[in-house]
Amino acid sequence: MSRETGYDLLNDFHYNKFLNLVKNYSVFINHSQIDFGIQEKLLTDVFNVWKEHNKQGHIVSIGSIIEFNEWQWLDPITADEKNNIKNTSLYLNSERIKTTHLITSGFNRHGPEDDVKIDPDSIVEAISFILESTIDIPLIYVDRTNDARLKKWR
């Protein structure tokens, strides 16, 4: 959902419109870091809507490597926010409504390290694996390890 599709999730009317729509689905990919606290709010609200309507589903929240102690210095505020999302996701996980917190390094979309970041199609493959798995995966970390990139940032 985006402003382009008529859903400005910072607007109460659009946010409630989204929550009304989401009860018709069973998968929610939560990558909405549009403002502080919104991604965690979406996680909780979608979970509660599904629970209220006795729906089964799976919420996959996208995290970041800045959750790890080694990388928190890059953006301490976002690191705290992503850790809160992870903890909320783990707390909410249930038999009927699965939650997965998928921690990833950078997506290959722009910047000086395009060639060593994860192709978004690979993230889609990881999410498909999670959704199709016969086991529950509440927490997972995926990366495209590159020694030169690690050395640079360390």
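1. In β4, the bridge partner of L102 is I140. L102 belongs to β3, where K98, T100, L102 and T104 point one way and I97, T99, H101 and I103 the other. β3 and β4 pair in the parallel sense over four bridges; two strands count as paired if DSSP finds at least two bridges between them. Helices (H or I, at least four residues) and strands (E, at least two) are DSSP runs, numbered from the N terminus.

2. The model is predicted, with local features requiring pLDDT of at least 70 and side-chain atom pairs pLDDT 80 or more, while totals for chains, interfaces and linings use all residues. Residues are numbered from 1 along each chain as its sequence is written, and side-chain values use heavy atoms, with hydrogens and water left out.

3. The sheet is open, with four strands in the order β1-β2-β3-β4 and parallel pairing. Because β1 (27-30) and β4 (139-142) stand at the edges with a single partner strand each, one side of each has no neighbour in the sheet. Neighbouring strands are turned by 20° against each other on average, direction ignored. Axes for such angles are lines fitted to C-alpha atoms, for helices over the stretch in contact, and angles run from 0 to 180 degrees between N-to-C directions.

4. Strand β2 (residues 57-62) pairs with β1 over four bridges, in the parallel sense, and H58 in β2 is the bridge partner of V27. Between β2 and β3 there are six bridges, again parallel, and G57 has I97 as its bridge partner in β3. The chain passes from β2 through α3 to β3 in a right-handed β-α-β crossover; right-handed means that, with the strands pointing away from the viewer, the path from the first strand over the helix to the second runs clockwise.

5. How many residues of β3 are buried? Eight of its eight are, where buried means under 20% relative accessible area, exposed over 50% and partly exposed in between (1.4 Å probe, protein chains only). Helix α4 (residues 120-132) lies across β1, β2, β3 (97-104) and β4, and runs at about 150° to β3.

6. The largest nonpolar core has 18 residues, of which F18, V46, W50 and I59 touch the most other members. Such a core is a set of buried Ala, Val, Leu, Ile, Met, Phe, Trp, Tyr and Cys residues joined through side-chain atoms within 4.5 Å. At least two residues come from each of α1 (12-22), α2 (38-52) and α3 (76-92), and α2 gives the largest share, seven residues. A second, separate core of eleven residues includes I62, L102, A126 and I127.

7. Beyond its neighbours within four places in sequence, W50 is in contact (heavy atoms within 4.5 Å) with residues including V22, V27, F28, H58, I59 and I97.

8. Two aromatic pairs are found in the whole structure. Rings of Phe, Tyr and Trp (its six-membered ring) pair if their centres lie within 6.5 Å; planes under 30 degrees apart count as stacked, over 60 as edge-to-face and the rest as tilted. F18 and F28 form a tilted pair, 5.6 Å centre to centre with 50° between the planes. As F18 lies in helix α1 and F28 in strand β1, this pair ties together parts ten residues apart in sequence. F18 is buried at 5% relative accessibility, and F28 is buried at 8%.

9. F68 and Y141 form an edge-to-face pair, 5.0 Å centre to centre with 85° between the planes. F68 lies in the loop between β2 and α3 and Y141 in strand β4, so the pair ties together parts 73 residues apart in sequence. F68 is partly exposed at 29% relative accessible area, and Y141 is partly exposed at 40% relative accessibility.
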